[in-house]
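Look at the structure first, then read on.

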Amino acid sequence: MSSTNENTQMNSDLFKRTVTKAKVFQSIFFWAFRLATYFIILAAGFLFVKITYEGSITLFKTEAPFVNWKFLSERPQTLYVFEWSPDSFSEEQKEAVATLEAETREAMVERKAFYEQAIKEAEANEKTLRVELRAQMKKSKATRSKIAALTGQDERLQKDLEKADKKYRKLWASALEEVPVEQRSQLITPYKSDMEVPETETWKDVMAEDPEVKAAYDLVTDIKNQKLETNALIDAEKKRLDELVAERIRITDALPENLKAQSEKELGNLAASLAWPDPSFLENRAGKIAEIESKYDEKISDLTQKYDRKIEAATDNQRMLNKLYTLKADNLNRLENEKQAKILKVKTIEAGDRVYRDVYAPKVDAAGLSAKGYSYSGGGIFPAIAGTVLLTVGSMAIALTLGILSAVYLSEYAKPGTLLNTIRLSILNLAGVPSIVFGLFGFGMFVIFFDWNVSLLGGCFTLAFMVLPVIITASEESLRAIPQGFREGSLALGATKWTSIRTNVLPYALPGILTSSVLGVARVAGETAPIMFTAAYALRDNLPWEGLDKPTDFFFQGVMALPYHIYVVSSKIPQNEYTKRMQYGTAFVFLMIVAGIALTSILLRIRMRKKYKW
Amino acid sequence: MSDKPKTESVPPSAPAPQVTRDAGDLSAAKTLIEVKDFDFFYGQKQALFDINLEIPEKLVTAFIGPSGCGKSTLLRCLNRMNDLVDVARIGRGSINIHGVDINSKDVDVIELRKRVGMVFQKSNPFPKSIYENITYGLKIRGIHKKSYLDEVVERSLRGAALWDEVKDRLHDSALGMSGGQQQRLCIARAIAVEPEIILMDEPCSALDPIATAQIEELIDELKTDYTIVIVTHNMQQATRVSDKTAFFYLGKLIEFDETARLFSNPDNKQTEDYITGRFG
Ligand SMILES: Nc1ncnc2c1ncn2[C@@H]1O[C@H](COP(=O)(O)OP(=O)(O)O)[C@@H](O)[C@H]1O
Ligand SMILES: [Mg+2]
């Protein structure tokens with residue numbers, strides 16, 4: 001029994017948890033490793049998230065196109081800030097600001113009321129003017145057509161008169177046939193006949209509406225009546241004459257031959273005695289007609305002029321209305337501008353130096369105040385982006401060319417030995433040299449000795465030298481990873497060494513080389529120290545491709561660069577609300593560009609990997 | 001291929017292999033490669049000692065011997081692949097092909113390797129398409145005419161008994177093939193440039209018996225056009241494919257004779273011990 005018990009006891013103790021020193025250390029170190037890792041991730045994550053968050057505020061917008069292109073595409077400008085902080089003002093300044101503000105507010109209220117009233121009036125005016133204009137236009141149109149009708153009537157009248165006259169002349173002439181030739185001169189006198197003019201509805205209408213027209217018409221009727229009267233008289237006289245002549249002829253026919261001559265003589269006398277109508281009467285009549293006609297013409301032209309003037313007046317009104325509209329728009333604009341100006345004066349002024357100097361400085365000075373200027377904070381970072389891209393592409397091109405050539409030499413051609421090992425060791429050590437030393441090297445070599453000045457090319461070469469060790473080492477490693485069989489296989493087929501390397505080694509090594517070069521790209525894009533003395537300008541207004549005298553100048557000009565820009569804006573200007581946006585934005589854009597370059601390299605590598613796989 | 005009885009007759013360890021080759025007119029064969037008093041060093045270490053060997057034209061010569069005895073070293077000397085090894089140097093003697101000393105200063109190693117092709121122990125198709133593998137040797141010589149390349153590809157693949165298996169996927173990667181196919185592709189690649197001599201360094205060591213049999217049959221066919229030198233540690237293979245056999249031991253040529261004679265009636269005690277499996 002006891003033995004069984006003992007056994008059970010032993011068995012339950014067999015896998016019992018015990019605390020040993022090793023186990024304690026094990027769990028302590030497990031936690032230490034874990035915490036260290038978490039700490040690193042948290043710290044890096046905090047930095048990354050903060051830059052991304054703050055930078056996104058600068059770089060992205062809530063409305064289309066969602067990206068702050070201004071920031072990406074503009075050149076850096078100074079931001080001037082007039083801080084509205086009464087506490088920091090002296091009494092006079094405070095007073096000046098208060099007055100300025102009060103004045104502004106008052107002026108704005110006043111102006112606004114004034115303009116609103118003016119506009120209201122103008123609009124009302126416009127309405128009545130429009131109605132009136134429309135009526136006038138209508139009236140003038142009716143009058144015009146009436147005048148036209150009258151003129152037509154008159155012309156017809158004239159024509160009829162002429163026709164009657166012609167007819168009468170004919171009659172008169174035929175009557176004269178009977179009159180002896182020598183007596184005719186006494187009988188023939190110019191005379192105008194007249195004819196009935198029908199009264200139309202139009203005339204009635206016109207007369208009912210317009211007294212002037214009625215007067216004119218009355219005059220014409222008067223003339224007509226007088227003419228008719230005259231006509232009747234003439235007719236009567238003519239009749240009498242005819243009778244007389246007929247009687248005389250009959251008498252003469254009946255007379256014996258000896259008395260005929262006597263009778264004819266008497267007939268002539270009779271005709272002479274009947275000389276009619278009286279020339280003075282006719283003259284009188286013609287004069288009267290002319291007078292009436294001219295009076296009529298005068299009336300008509302008077303009437304026309306009157307309506308023309310009315311039309312002109314209407315047009316003037318229209319013009320005035322337009323003027324009023326322009327004035328209104330101008331005034332509103334000016335009001336808005338004034339408002340803007342007033343608002344800017346008491347808050348912040350975002351402007352480039354030139355704009356500030358020309359426009360704002362006088363106003364601020366006049367108010368006895370002063371604005372603070374923050375360099376770089378008022379604009380974009382485009383020159384820096386362009387510079388960084390150029391520097392990265394240029395230096396990677398140089399570094400990859402030199403690095404791969406050198407790596408091929410070292411791993412494929414050079415004889416192994418102490419010399420090769422020494423070279424390798426030196427290259428490896430170069431990788432550990434601080435970047436500022438590369439900067440000084442580049443300054444001494446490219447800027448001063450080669451006399452390239454602070455230039456894109458100098459920066460590219462300096463950066464290239466900085467990453468060369470990484471690239472050479474990585475390339476050698478990639479080349480070594482290519483199986484010897486590929487080399488031997490191609491050599492055994494009669495390839496020269498270079499052919500074998502070119503066709504059967506390098507293509508397979510390139511993906512590896514590029515992968516390792518990603519690190520180099522990020523470093524090249526990110527280093528400040530090497531370009532500080534060799535390539536970077538704190539501020540350059542021209543973009544790299546602008547204002548070049550000759551194409552080679554492109555390589556021998558200094559450029560702005562993002563890392564240097566970040567260094568400048570984070571160390572040379574104050575940190576506050578006004579500069580923060582631009583600082584974080586720059587850092588964020590920089591991160592994105594580096595990530596973009598790395599991504600491109602990785603995609604390139606994947607594509608090449610797919611092509612050459614073993 | 002499998003209709004031939006050879007494929008099934010690969011006994012894992014036959015102590016006294018049957019000699020099947022007809023050795024009737026071997027003595028009449030002309031000597032193509034002549035190795036004379038040849039010493040070879042890797043740095044301070046001597047790998048070959050005073051080798052004298054005459055390799056006949058259009059026959060198969062096998063090098064046998066235990067590992068590390070210098071078979072590969074000698075083979076690689078025949079097309080100067082050892083030039084690639086930095087520490088390698090020739091101590092004494094000469095290797096003549098067609099009576100020309102291949103190590104003399106006048107010899108262009110590129111021309112030599114065009115005439116002396118090589119198939120390696122570890123098959124090494126390039127990570128390119130089958131087509132590109134075959135045409136590689138021609139392209140590096142500047143031959144780019146499509147019709148000619150097509151013709152060579154077909155001829156070489158037929159020559160390596162591979163055409164029917166791969167004709168539909170010439171532009172697929174060579175690395176998608178089986179081990180045996182890859183090795184035959186390497187042979188096809190070698191014969192595409194029309195060499196005179198093909199060197200093979202244990203071409204079947206990594207292959208299964210069926211693939212091995214295919215290669216062996218191929219060697220038999222190639223013999224009519226090419227002089228073949230094959231290194232093998234498999235004595236059965238030597239008896240099956242070779243006309244003459246050289247036995248090496250510790251860097252020395254112990255015995256060189258017609259295969260039938262060497263395996264049935266060796267002159268040397270060491271040879272006899274080796275072929276009967278007493279050591280190695
Ligand atoms: N590249 C080399 N460097 C130095 N020694 C080598 C080299 N290749 C082969 N050897 C040596 O030469 C000797 C012969 O090798 P090898 O010809 O490959 O033998 P086998 O092919 O017969 O097995 C071996 O002792 C080996 O260690
Ligand atoms: Mg070997």
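The sections below cover the interface and then the salt bridges of this predicted model.

## Interface of chains A and B

The contact involves 22 residues of chain A and 25 residues of chain B. The two chains bury about 1,800 Å² between them, 65% of it on carbon and sulfur atoms. E488(A), A492(A) and L493(A) supply 34% of the area that chain A buries against chain B, more than any other three residues.

One salt bridge crosses the interface. It joins the side chains of E488(A) and R76(B), at 3.2 Å from N to O. On the chain A side, α15(A) gives the largest share, seven residues. By class, that side has nine nonpolar, nine polar and four charged residues.

## Salt bridges within chain A

Over all chains, the structure holds 27 salt bridges. In one of them, K580(A) pairs with E54(A) at 3.8 Å, N to O. The partners lie 526 residues apart, K580(A) in helix α20 and E54(A) in helix α2. K580(A) counts as partly exposed because its relative accessibility is 24%. E54(A), at 8%, counts as buried.

## Salt bridge within chain B

E216(B) and R240(B) form a salt bridge, with the closest N and O atoms 2.6 Å apart. E216(B) sits in helix α7 and R240(B) in helix α8, 24 residues apart. Both are buried: E216(B) has a relative accessible area of 4%, and R240(B) has 11%.

Key. Residues are numbered from 1 along each chain as its sequence is written. Chains are lettered from A and ligands numbered from 1 in the order in which they are written. This is a predicted model: local features need pLDDT of at least 70, side-chain atom pairs count only at pLDDT 80 or more; totals for chains, interfaces and linings use all residues. Side-chain values use heavy atoms; hydrogens and water are left out. Contact means heavy atoms within 4.5 Å. Buried area is the accessible area (1.4 Å probe) that two parts lose on being put together, summed over both. A salt bridge is a side-chain nitrogen of Lys or Arg within 4 Å of a carboxyl oxygen of Asp or Glu. Helices (H or I, at least four residues) and strands (E, at least two) are DSSP runs, numbered from the N terminus. Ala, Val, Leu, Ile, Met, Phe, Trp, Tyr, Cys and Pro count as nonpolar, Asp, Glu, Lys and Arg as charged, and the others, Gly among them, as polar. Buried means under 20% relative accessible area, exposed over 50%, partly exposed in between (1.4 Å probe, protein chains only).
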